[in-house]
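Let's take a friendly walk through a protein structure. Have a look at the picture first, and then we'll go through it part by part.

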Amino acid sequence: MRRPGELERRTVVAMAAVATVAVVVAALVSLGLVRSADQSQARKALHSKADLVAAILDASRPADIGPSLRVVRRQDTPVAWLTTTGRLVGDPLARTAYTRLPQGERDQEVSRTLRVDGRQVLVEVRPLASGQVVVLAQRTDLAIGQTLRLFDRVLLALVIGLVVAVGVAVPFARRLAAPLRRTAAAAHRLASGERSVRVMPEGPAELAEVGASLNALAEALEHSERRQRQFLMSVSHELRTPLTAIRGFGEALADGVATGPAVPAAGATIVAESSRLERLVSDLLDLARVGADDFRYDLGPFDLGTLVDAAGQVWGRRCQAEGLTFGLERAPGAVDVVADPARVRQVVDGLAENALRVTPAGRPLVLALRVEGAEAVLEVRDGGPGLTEEDRAVAFERSALHDRYRGVRPVGTGLGLALVHELVTGMGGRVEADVAPEGGSCFRVRLPLVGGQAPAPAA
């Protein structure tokens, strides 16, 4: 048999406690109401009885008053009377109550409540036509039997309330705890590595929200691990290609297969493939460091125009070697920005490398710099196949374009654009993918100017 959980036990105890408090409070209120109603009813009854006794005695002969009062006393009503000679006779309670009345009220019609021997007593005084005075008294405290009967009813109500509370609380607590149990079990399965686990959002809104959040977490983990597997497969493929080439040419050199004029070509191939490996490992390290404590930006003011001129000389020669037309567009004068010059050059080289890879011979590759408002705008444009609107939406996600165009057009490691995005945003800038006037892709980097002001035009 399943043991009840902590939530179930606490829910049952809480509902039982609420039921107990409700019954006790209701009993106290009821006791007050019963006492008040009993006293009011007793007051009315005693008042009517006093009026009736006074009327009967006034209509009787003086010799019949004593026997008539004895009849009233036999009805369990304490009665006393004051004779014409001033003598007070009758029941001790009525006599004591009469003596507690103020002197001016003893020969008048009076309805009072007094305390006699620590208990409340109702007193009714009626003067008679014969000059005598009759006094009726009655205690208002509940009788012992009445009190016991009330206590029994309160106890019965308490037992019934507890039974009902526990009977309702147990299934309610189980129903409340069941979604939490299932969610906790799903979380344990999720922690053990199972990613297909899902729970049905149910119960109150808060519990349903917990279930929905767990499902969202499971989906996010499943998607992340799927992307991670794809990423590792892609990186493994990229690593295998240069390693295969290096190993093949290295074995050719070691076995003496490559000799004479073939040796420099084999060495050049090994150097080129080693450079590819170095570039890939560098990208992986940079991506791993993004957002970590050891990834630093040396932000400061510098002239972006000078950096673009230096990059233009390098990429101009690269384009000439590959048969591309290189263009450099920028207005003369300094363009001072706040950024890390080494990281900006890394961004320019990464974007230009991507453009060079996909642009056919004879098509343009353009490096442009201009100022718009309080920002410097750096563009790398090409005349390659370009990107669709759907491509531009995911251009900076890791391996998104690599997976989409692998085998269709020349692709890199799938890490370059993601690294560019992280570097630019880390320096407080923005990067966008757009359509270039040259027909291909345009990657636009926006960096803040020094002081947030546009530079003065060159003389």
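## The big picture

The protein has 11 helices and 12 strands. Helices (H or I, at least four residues) and strands (E, at least two) are DSSP runs here, and their numbering starts at the N terminus. Keep in mind that this is a predicted model: local features need pLDDT of at least 70, side-chain atom pairs count only at pLDDT 80 or more, and totals for chains, interfaces and linings use all residues. Residues are numbered from 1 along each chain as its sequence is written, and side-chain values use heavy atoms, with hydrogens and water left out.

How much of the protein is buried? Of its 459 residues, 36% count as buried. Buried means under 20% relative accessible area, exposed means over 50%, and partly exposed is in between (1.4 Å probe, protein chains only). Then there are the contacts, meaning heavy atoms within 4.5 Å. Take the contacts with a separation of 6 or more: residues 24 or more positions apart account for 64% of them.

## Helix H7 meets helix H8

Let's start with two helices that pack together. Helix H7 covers residues 304-322 and helix H8 covers residues 341-358; their axes are 11 Å apart and the packing angle is about 25°. Axes are lines fitted to C-alpha atoms, for helices over the stretch in contact, and angles run from 0 to 180 degrees between N-to-C directions. H7 and H8 are therefore roughly parallel to each other. As for the cut-offs, angles under 35 degrees count as roughly parallel, over 145 as roughly antiparallel, 65 to 115 as roughly perpendicular and the rest as oblique.

The crossing of H7 past H8 is right-handed. A crossing is right-handed if the near helix is turned clockwise from the far one by less than a right angle, and left-handed if anticlockwise. On the H7 side, the residues that meet H8 include Leu-304, Leu-307, Val-314 and Trp-315, and among their H8 partners are Pro-341, Val-344, Val-348 and Leu-356. The residues of this contact divide into 12 nonpolar, no polar and 5 charged. Here Ala, Val, Leu, Ile, Met, Phe, Trp, Tyr, Cys and Pro count as nonpolar, Asp, Glu, Lys and Arg as charged, and the others, Gly among them, as polar.

## Helix H8 meets helix H11

H8 also packs with H11. How do these two run relative to each other, roughly parallel or roughly antiparallel? Their axes come within 10 Å and cross at roughly 155°, so H8 and H11 are roughly antiparallel to each other. The crossing of H8 and H11 is left-handed. H8 brings Arg-343, Gln-346, Val-347, Leu-351 and Asn-354 to the contact, while H11 brings Leu-417, Leu-419, Val-420, Leu-423 and Val-424. Sorted by type, the residues of the contact of H8 with H11 are 7 nonpolar, 2 polar and 1 charged.

Let's zoom in on Val-424, which sits in helix H11 (residues 416-426). Val-424 is buried, at 0% relative accessibility. Leaving out residues up to four places away in sequence, Val-424 touches Val-347, Gly-429, Arg-430, Val-431 and Val-445. Over in helix H8 you'll find Gly-350, which is partly exposed with a relative accessible area of 25%. The C-alpha atoms of Gly-350 and Gly-416 are separated by 6.2 Å, although the two are 66 residues apart along the chain.

## An aromatic pair

How many aromatic pairs does a search of the whole structure find? It finds 1. The partners are Phe-396 and Phe-443, arranged edge-to-face, 6.1 Å centre to centre and with 75° between the planes. Rings of Phe, Tyr and Trp (its six-membered ring) pair if their centres lie within 6.5 Å; planes under 30 degrees apart count as stacked, over 60 as edge-to-face and the rest as tilted.

Where do the two partners come from? Phe-396 lies in the loop between helix H9 (389-393) and helix H10 (400-405), and Phe-443 is in strand E12 (residues 441-448), so the pair ties together parts that are 47 residues apart in sequence. Phe-396 is buried with a relative accessible area of 17%, and Phe-443 is buried too, at 8%.
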